[in-house]
Amino acid sequence: MATTSPILNAEDLAEISILADAPKGALKAAAKQVEWFSLPGGRALFHPGEVADSIYFLRSGVLGVFNAGADGKPEFVGHIRTGEPVGEMAFLGGAPHTASVFAMRDSEIVRLPRAGFEKLIKRHPTLMRSLAQMMVTRMRLNRREAFGARSEPKVFALLATSPTINCQHIAGQLADALGQLGRSSVIVGPEAEDSPSEWFDQLEQSHDVVLLHAPVADTHWFRLCLRQADRLWILARPDARPSEPLLPPDRSPARMFRLIDVILLHNQGERAVSDGCDWKRAANAERVFHWHQGSKNDVASIARTAAGRSVGLVLSGGGARCYAHIGAIRALNEAGITIDFAGGTSMGGIIAAGLALGWDDDTMEANICEAFVHSNPLNDYTLPVVALTKGLKVNRRLKRFFGDTRIENLAMPFFCISSNLADGCATIHREGLLRDALRASIALPGILPPLVMNGAVHVDGAVVNNFPVDVMAHLHRGLTVGVDVARQKGLNAEDFINPPGFFGWALQHGLSEAPPIASLLMRTATISHGDPATARQNVDVLVLPDIEGIELRDWKAYDAAVEAGYRGMVEVLKNGALERLKTG
């Protein structure tokens with residue numbers, strides 16, 4: 001419950017950065033109207049639909065902005081930090097709030113009702129201009145840019161689940177890697193447990209990243225870390241099993257909103273008794289990172305994530321056209337761009353999964369060619385009841401190349417998309433058996449039999465979201481590269497002009513490939529849904545390979561598609577994207 005504090009004076013209001021230049025007389029008049037109150041961590045300031053009859057300013061602490069996710073649960077958007085206005089867009093627009101705002105730690109907030117605000121802007125009109133400029137900026141830019149660097153998580157709590165884990169040493173390696181990225185950091189341990197909240201606020205203001213470290217224990221310092229952190233990083237070892245429950249009971253906002261990651265520390269020669277799946281479930285974590293002993297690449301990737309400099313790659317569906325993704329990845333590798341997060345839909349999900357498994361360029365080419373180019377996995381035709389093919393060849397190839405690997409154990413965080421026909425929504429696969437998730441994601445309606453998972457029927461993710469850049473935008477805070485191969489027609493129009501019957505077509509073309517209905521079904525599934533510009537709002541680097549002459553089921557067009565993807569990525573990198581990806 002919010003606790004009301006004494007009335008502020010003009011000097012108190014002047015400490016709020018956006019009000020600092022207002023005339024003292026205007027602030028004195030506004031001070032008579034304001035309410036100053038404390039909001040405990042985890043409590044809501046307002047919810048969607050509530051009347052925006054006041055504008056708020058954050059005096060101390062941190063707030064979090066949340067939208068409703070596809071599953072109905074709050075989905076984190078960004079932080080609001082000291083000195084920033086809150087709810088100004090709905091307030092100035094005279095509309096209800098469209099998002100929820102929660103206190104991410106104990107916060108002090110100034111509430112200025114409409115009457116007081118109108119008095120203030122009459123005597124300080126530049127304030128209105130500043131707020132209007134901020135609104136326009138937030139509406140024009142994508143989510144990450146709109147909230148700015150201050151919205152990124154800055155305070156990370158490294159929590160050791162074993163006494164054999166040296167938190168301070170790990171924090172030191174991360175600090176060194178952050179320094180190489182040009183980010184300042186500070187490491188804080190139990191010696192700071194008696195420091196006032198103002199001291200922690202100063203640390204945030206003077207450093208890009210704050211690294212708190214503590215063992216998992218029911219201590220004052222541990223609980224303080226939970227309350228102060230923007231994200232919790234659970235440090236774990238696969239040669240130990242997670243306890244149940246892993247963390248003591250606590251109502252810290254980071255746990256309430258699942259702002260938790262697992263960093264699984266792999267040492268050479270260890271005997272693994274647990275994996276990323278076990279620790280993710282025990283910690284109720286959102287992501288799993290893998291840190292192998294002596295791997296500078298792993299340290300650098302986690303540091304980029306902390307710094308908001310990570311690179312996520314999203315690959316669209318599009319049948320055989322998705323070979324272009326392989327060329328695009330090759331161009332990124334040659335340019336020295338390291339991918340930290342990967343995801344995609346349908347065939348794009350297959351290639352993204354290979355990247356997340358750690359396949360290099362040669363391995364990617366060898367495996368994809370063997371699985372799709374040298375022989376067609378979609379030619380075990382059957383008299384259609386639910387699909388034109390049995391899907392058995394696809395199942396065998398997924399088993400061969402992806403085995404029993406679970407998504408939580410991939411080298412980088414990964415997702416793919418399938419369409420749940422029970423509710424008509426996208427299912428985001430971020431855990432579980434990789435081959436099952438991929439099988440659901442590529443189940444083109446009418447081509448492959450659907451996959452039943454947890455009692456629901458799943459088909460190709462392209463039916464709902466063929467270019468899931470919005471999912472990637474919620475998975476990390478860095479830059480997103482998107483390669484879309486499904487924007488062009490991908491059909492041979494002549495196949496649909498006075499088409500012959502099945503037997504006439506078979507006499508002319510044989511039975512080595514499916515009739516044009518296969519292309520029709522594939523194009524129907526992979527066609528863009530909604531406004532393409534909407535999807536592009538969350539893409540920082542967009543690549544649209546020139547693959548006009550390649551059909552969706554032209555599985556032999558490997559070389560041409562790969563070359564098109566390579567050329568498309570190289571051209572985009574030359575036009576400024578390379579520098580942006582390297583500097584963030």
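Reader: What makes the meeting of the side chains of Arg304 and Asp340 a salt bridge?

Author: In this predicted model, the two side chains meet at 2.7 Å, N to O, and a salt bridge is defined as a side-chain nitrogen of Lys or Arg within 4 Å of a carboxyl oxygen of Asp or Glu. Local features need pLDDT of at least 70 and side-chain atom pairs count only at pLDDT 80 or more, whereas totals for chains, interfaces and linings use all residues. Residues are numbered from 1 along each chain as its sequence is written, and side-chain values use heavy atoms, with hydrogens and water left out.

Reader: Why is the pair of Arg304 and Asp340 said to tie parts together?

Author: Arg304 lies in helix 12 (residues 296-307) and Asp340 in the loop between helix 13 (323-334) and strand 17 (341-345), so the pair links parts that are 36 residues apart in sequence. Helices (H or I, at least four residues) and strands (E, at least two) are DSSP runs, numbered from the N terminus. Arg304 and Asp340 are both buried.

Reader: Why is Asp540 called buried, and why does Arg580 count as partly exposed?

Author: Buried means under 20% relative accessible area, exposed means over 50%, and partly exposed is in between (1.4 Å probe, protein chains only). Asp540 has a relative accessible area of 14% and is therefore buried, while Arg580, at 29%, counts as partly exposed. The side chains of Arg580 and Asp540 meet in a salt bridge at 3.3 Å, N to O.

Reader: How do you know that Glu35 and Arg111 form a salt bridge, and what is the accessibility of Glu35?

Author: Their side chains meet at 3.6 Å, N to O, which is to be set against the limit of 4 Å. Glu35 lies in strand 2 (residues 35-39) and Arg111 in strand 9 (residues 107-113), so this pair ties together parts that are 76 residues apart in sequence. Glu35 has 27% relative accessibility and so counts as partly exposed, and Arg111, at 22%, likewise counts as partly exposed.

Reader: Why are helix 16 and helix 17 called oblique to each other?

Author: The axes of helix 16 (residues 392-402) and helix 17 (residues 434-441) come within 9 Å and cross at roughly 140°. Axes are lines fitted to C-alpha atoms, for helices over the stretch in contact, and angles run from 0 to 180 degrees between N-to-C directions. Angles under 35 degrees count as roughly parallel, over 145 as roughly antiparallel, 65 to 115 as roughly perpendicular and the rest as oblique; helix 16 and helix 17 are therefore oblique to each other.
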